[in-house]
Amino acid sequence: MGKGFTHLGFSGHSYLEVDRSFAMNDEDQRNYWNDIHALKEQYRGKLEIFCGLEQDCYSDPPKLAYDYLIGSVHHIKKGEEYPQVDGSLEMVQKQLDTWYEGDFDAFAKDYFEVVGNVLEMTHADIIGHIDLVLKHCEKTGYQPTANFLDYAQGAVRKLLPCGKPFEMNTGAMARGHRTTPYPHPDILRMIYEGGGQIMLNADCHDAARLDCGLELCAQMARDVGFREHVIFTQRGFEPVEL
Ligand SMILES: [Zn+2]
């Protein structure tokens, strides 16, 4: 409230058998659900609190009723293995060598193929960090190539008709990996030109950084032409001026 928020959604990570490093198991999810619902009561009339879940594309459907789901891709399936898209730089580089002979665009092609299916896989209400694969691009100096943008465009085109908002996500900024939010401005423009909607989400994992980068998100969104973003309310998504 001190930061001026009127609505606040929590989005813990769904359970993921293939990578438990950031996942909540059934018991964690029950505790999380109870804690957030207690906060809902505590702040009733002062701050609208929502209990959401970041639903990974490779997770089983949620067992509890959440206010909204964010559909996200954090892994690519390669045979029986699941290389992680947003691991450490060392991990990602090792995977690139193992699976893609170091070819980042080939990795991105596989990633965006999964992203294009993320709503079918998760039945989510919001599309999470669409170009998470660019997590380390500032450190590696990678600039999206024409091929990369084609793969991204394929995913955006597939997702747009579902009418779900795409998030602008400052998680990598809050954790010091990047100075700019997801998505890349060229992908943001694809969403704008395709008539899509955006949400400005923190994904900060830290209450003190809830507003981290949101002004930059708003500026980037205005720069490509957006005049509004949506927020989640009791009545569903509502547009708000940027
Ligand atoms: Zn995520």
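With 8 C-beta neighbours inside 10 Å, E101 counts as exposed; here a residue is exposed if 12 or fewer other C-beta atoms lie within 10 Å of its own, buried if there are 20 or more, and partly exposed in between, with C-beta atoms placed from the backbone. The model is a predicted one, in which local features need pLDDT of at least 70 and side-chain atom pairs count only at pLDDT 80 or more, while totals for chains, interfaces and linings use all residues. Residues are numbered from 1 along each chain as its sequence is written.

E101 also has a positive phi of about 50°, although this residue is not a glycine. Its place is the loop between helix 2 and helix 3 (104-116); helices (H or I, at least four residues) and strands (E, at least two) are DSSP runs, numbered from the N terminus. H123 is another non-glycine residue with a positive phi, in this case about 55°. H123 sits in the loop between helix 4 (118-122) and strand 4 (126-127), and counts as exposed because 12 C-beta neighbours lie inside 10 Å. A further backbone feature is the cis peptide bond joining Y182 and P183, with omega about -5°. P183 belongs to the loop between helix 7 (171-174) and helix 8.

T98 is part of helix 2 (residues 89-100) and is exposed, since 12 other C-beta atoms lie within 10 Å. Between the C-alpha atoms of T98 and V224 there are 37 Å, for a spacing of 126 residues along the chain. E27, in helix 1 (residues 26-42), is exposed with 8 other C-beta atoms within 10 Å. The C-alpha atom of E27 is separated by 26 Å from that of A208, 181 residues apart along the chain. D60 lies in the loop between strand 2 (48-56) and strand 3 (68-72), and its 11 other C-beta atoms within 10 Å make D60 exposed. For D60 and M121, 61 residues apart along the chain, the C-alpha separation is 9.5 Å.

What about the buried parts of the model? In soluble globular proteins, nonpolar side chains tend to be buried together. The largest nonpolar core has 51 residues, and those with the most contacts inside it are A108, Y111, A152 and A155. Such a core is a set of buried Ala, Val, Leu, Ile, Met, Phe, Trp, Tyr and Cys residues joined through C-beta atoms within 7 Å. Leaving out residues up to four places away in sequence, A155 touches F112, V115, G116 and I130, where contact requires C-beta atoms, placed from the backbone, within 7 Å.

Helix packing comes next. The axes of helix 6 (residues 146-159) and helix 8 (residues 185-193) come within 10 Å and cross at roughly 35°; axes are lines fitted to C-alpha atoms, for helices over the stretch in contact, and angles run from 0 to 180 degrees between N-to-C directions. Helix 6 contributes L149, A152, Q153 and V156 to the contact, and helix 8 contributes D186, I187, M190 and I191. By class, this contact of helix 6 with helix 8 has six nonpolar, one polar and one charged residues. In this scheme Ala, Val, Leu, Ile, Met, Phe, Trp, Tyr, Cys and Pro count as nonpolar, Asp, Glu, Lys and Arg as charged, and the others, Gly among them, as polar.

The strands complete the picture. In a regular strand the side chains alternate between the two faces of the sheet. From strand 5 (residues 166-169), F166 and M168 point one way and E167 and N169 the other way, and all are buried. Strand 5 runs parallel to strand 6 (residues 198-201), to which four bridges join it; two strands pair if DSSP finds at least two bridges between them. Within this pair, F166 stands opposite I198. Strand 6 is likewise covered on both faces, with I198 and L200 buried on one side and M199 and N201 buried on the other.

H229, in strand 7 (residues 228-233), counts as buried because of its 22 C-beta neighbours inside 10 Å. Apart from neighbours within four places in sequence, H229 is in contact with I198, M199 and L200, as well as A221, V240 and L242.

Technical notes
Two residues are in contact if their C-beta atoms, placed from the backbone, lie within 7 Å.
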